[in-house]
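Here is a friendly walk through one model, meant to be read with the structure open beside you.

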Amino acid sequence: MANFGWRQWLVVLAFVLVVSFTGLFAVRTVRRAIYWHYHQDEPIRPWMSLGYIAHSYNVPPWVLRQSLGLPPKPEGPDRRPIREIARAQNRSVNEVIATLQEAIVHARPPYPPPGPPPFRDSLGAPEPTRGPTQGQSP
C-alpha cells in the first residue's frame, strides 16, 4: 500500500467531515420524525405554544390564533405558552384550552377546512375587491 500525500489526506479528511455532517443531520431528522409520530393529538397543556399545538394536531397555526382573537403576526410565530396568552387576555387557562379544542375540531374533517384569514395591507385595510371584468384577459 502506498503512502498518501498531503492532498490525498486532505481529500480523505473532507470526505470524513461530509459523512459526519450527513450522519448528524440524518440522526436529527429521524429523531424528530419519531418524536412527532408519538406526539400526535397530545392533550393540550399550559406550557405548549400555539405552534406546538398546531403541529401536534396538524392544523394551521392561524386557525388557533384566530380562535383566540389574536392578530396575525407577520414578524414570525408566537412562541408564548398558552398560559401567558390566557394571562394577557384575562382568561383562565382551561377556557383557552377549551377554545383551542373547539377550533381544532372545526378545522379538521368532517368539517370543511376554513379559508385563510383575509388579506389586509400594512394599514389594516382589506384587500380591494374586483369587479366581474377586472383581472380577466379579453
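## Two asparagines in loops

Asn58 sits in the loop between α2 (50-57) and α3, where helices (H or I, at least four residues) and strands (E, at least two) are DSSP runs, numbered from the N terminus. Asn58 is not a glycine, yet its phi is positive, at about 55°. With a relative accessible area of 67%, Asn58 is exposed. The cut-offs are under 20% relative accessible area for buried, over 50% for exposed, and partly exposed in between (1.4 Å probe, protein chains only).

Asn90 is also worth a look: this residue belongs to the loop between α4 and α5 (93-107). Asn90 has a positive phi near 55° and is a residue other than glycine. Asn90 is exposed, its relative accessible area being 73%.

A word on how to read this: the model is predicted, so local features need pLDDT of at least 70 and side-chain atom pairs count only at pLDDT 80 or more, while totals for chains, interfaces and linings use all residues. Residues are numbered from 1 along each chain as its sequence is written, and side-chain values use heavy atoms, with hydrogens and water left out.

## The overall layout

The protein has five helices and zero strands, running α-α-α-α-α from the N terminus on. Of its 138 residues, 21% count as buried. Among contacts (heavy atoms within 4.5 Å) with a separation of 6 or more, 48% are between residues 24 or more positions apart.

The accessible surface comes to about 10,900 Å², and 62% of that belongs to carbon and sulfur atoms. Such areas come from the Shrake-Rupley method with a 1.4 Å probe; for residues, only the protein chains shown count as cover.

Why is α2 described as largely enclosed by the rest of the structure? Six of the eight residues of α2 are buried, namely Leu50, Tyr52, Ile53, Ala54, Ser56 and Tyr57.

The largest nonpolar core has 21 residues, and those with the most contacts inside it are Ile44, Leu50, Ile53, Leu64, Ile82 and Leu100. The elements giving two or more residues to this core are α2, α3, α4 and α5, with the largest share, six residues, coming from α5. A nonpolar core here is a set of buried Ala, Val, Leu, Ile, Met, Phe, Trp, Tyr and Cys residues joined through side-chain atoms within 4.5 Å. Beyond its neighbours within four places in sequence, Leu64 is in contact with Leu50, Ile53, Ala54, Val59, Leu100, Ala103 and Ile104.

## A buried aspartate

Asp78 lies in the loop between α3 (61-67) and α4 (82-88). Is Asp78 buried or exposed? Asp78 counts as buried because its relative accessibility is 9%.

The side chain of Asp78 makes polar contacts with the side chains of Arg65, at 3.4 Å, and Arg80, at 2.9 Å. A polar contact is a pair of N or O atoms within 3.5 Å; within protein, one must be able to donate a hydrogen and the other to accept it, and residues adjacent in sequence count only if both atoms are side-chain atoms. Leaving aside neighbours within four places in sequence, Asp78 is in contact with Ser49, Arg65, Leu70, Lys73 and Ile85.
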